[in-house]
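Biologist: I'd like to learn how to read pockets and surface patches in a model. Could you walk me through one?

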Amino acid sequence: MGNRLQDKVAIVTGAAKGIGFATAQRFAEEGAKVIVTDINLEAVTAAIARMANAEAYAMNVTDRASIQAVIDAVIQKHGRVDILNNAGITQDARLVKMTEAQFDAVIDVNLKGVFNCTQLVVPHMLEKGSGAIVNASSVMGLYGNFDQINYSATKFGVIGFTKTWSRELGPKGIRVNAVCPGFIATEMVKAMPENIFQDIEKRSWLGRLGTPEEMANVYLFLTSAEASYVNGVALEASGGISL
Ligand code: NAD
């Protein structure tokens, strides 16, 4: 337990499991009031059952009305808000095989979802003249990946948002950064074929996958006052897999 996020109110999207859940837990340990949101209300309610300082809400990042409803409730109750854009999905296929539906679904959640949440939350940060936004990109948003054309494009796009918003919002006291995780042991990665999974472990210079808790610490740093002069970065946390 610490106080690195004392008096902060953090909305974490897609936080019923994986990196989002670990981050919500870490933020709560550091004194934040954490608004733990996910498309699946039952899952997110169950996830926070033993968590102090946490509230569960249904929020679909592709549905602006659902985002607005959560933000309104949070502002009314707590008066302020910071955000973590974590929610993301994969629907992998190579260029010639990808369907339009697969392409659109991933763009909608991973790219437009980040735009939706940030656009709706920022007016409240501008009012306070402070805030810290952290977006989930990926090493795929730095280097691309075979079979992940839609996913990689969204993660490059998230870095584009991050660089642009850090210019727009930095002068107003709001920092915007991105995290680029490598391969982290969550359901998203476990869904990959076994041979690819083993190859990843071999390619990583630390010889293993990362953990959601290790990513949570990166999000914590970027959100906390320790990163008060960090703005517009895409911080790779991959064990050096790209080296
Ligand atoms: P995960 O699949 O374990 O969890 C993602 C969560 O997002 C789920 O609880 C899901 O219900 C939720 N979600 C899906 N669609 C949603 C929507 N429309 N609205 C709200 N919530 C929605 O994923 P994870 O592995 O923890 O990844 C989290 C983020 O980190 C994603 O953006 C992912 O792209 C990124 N990332 C993950 C890895 C990795 O190795 N796991 C690597 C790089 C980047």
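Biologist: Which element gives the largest share of the lining of the second largest pocket?

Modeller: Keep in mind that this is a predicted model. To read a lining, look at which elements its residues come from. Here α8 gives the largest share, four residues. Both α5 (140–143) and α8 (194–203) supply at least two residues of that lining.

Biologist: How many residues line the second largest pocket, and which lie nearest its centre?

Modeller: There are 21 lining residues, with Asn145, Phe146, Gln148, Met192 and Ile196 nearest the centre. The space inside is about 440 Å³. By residue type, the lining splits into 12 nonpolar, five polar and four charged.

Biologist: And how much space lies in the largest pocket?

Modeller: About 820 Å³. It has 38 lining residues, and Asn86, Ala87, Gly88, Ile89 and Met188 are the closest to its centre. The elements giving two or more residues to this lining are α1 (18–29), α6 (149–169) and α7 (187–190). Sorted by type, the lining of the largest pocket has 20 nonpolar residues, 14 polar and four charged.

Biologist: Now the surface. Which residues make the nonpolar patch of about 320 Å²?

Modeller: Leu95, Val96 and Ile149 make that patch. Val96 sits in the loop between β4 (82–85) and α4 (100–128).

Biologist: Why does Val96 count as exposed?

Modeller: Check its relative accessibility against the cut-off: exposed means over 50%. Val96 has 76%, so Val96 counts as exposed.

Key. Residues numbered from 1 in each chain as written. Predicted model: local features only at pLDDT ≥ 70, side-chain atom pairs only at ≥ 80, totals over all residues. Heavy atoms only, no water. Patch = residues over 30% accessible without salt bridge, like charges linked within 9 Å, V, L, I, M, F, W, Y side chains within 5 Å. Areas by Shrake-Rupley, 256 points an atom, 1.4 Å probe, with all protein chains shown as cover. Salt bridge = Lys/Arg side-chain N within 4 Å of Asp/Glu carboxyl O. Buried < 20%, exposed > 50% of the residue type's maximum accessible area, 1.4 Å probe, protein only. 1 Å grid on protein atoms, 1.4 Å probe; cavity = no way out; pocket = protein on both sides within 12 Å on 5 of 7 lines; lining within 4 Å. Points joined across faces, edges and corners; volume = space filled by probe spheres on them. Nonpolar A, V, L, I, M, F, W, Y, C, P; charged D, E, K, R; others polar.
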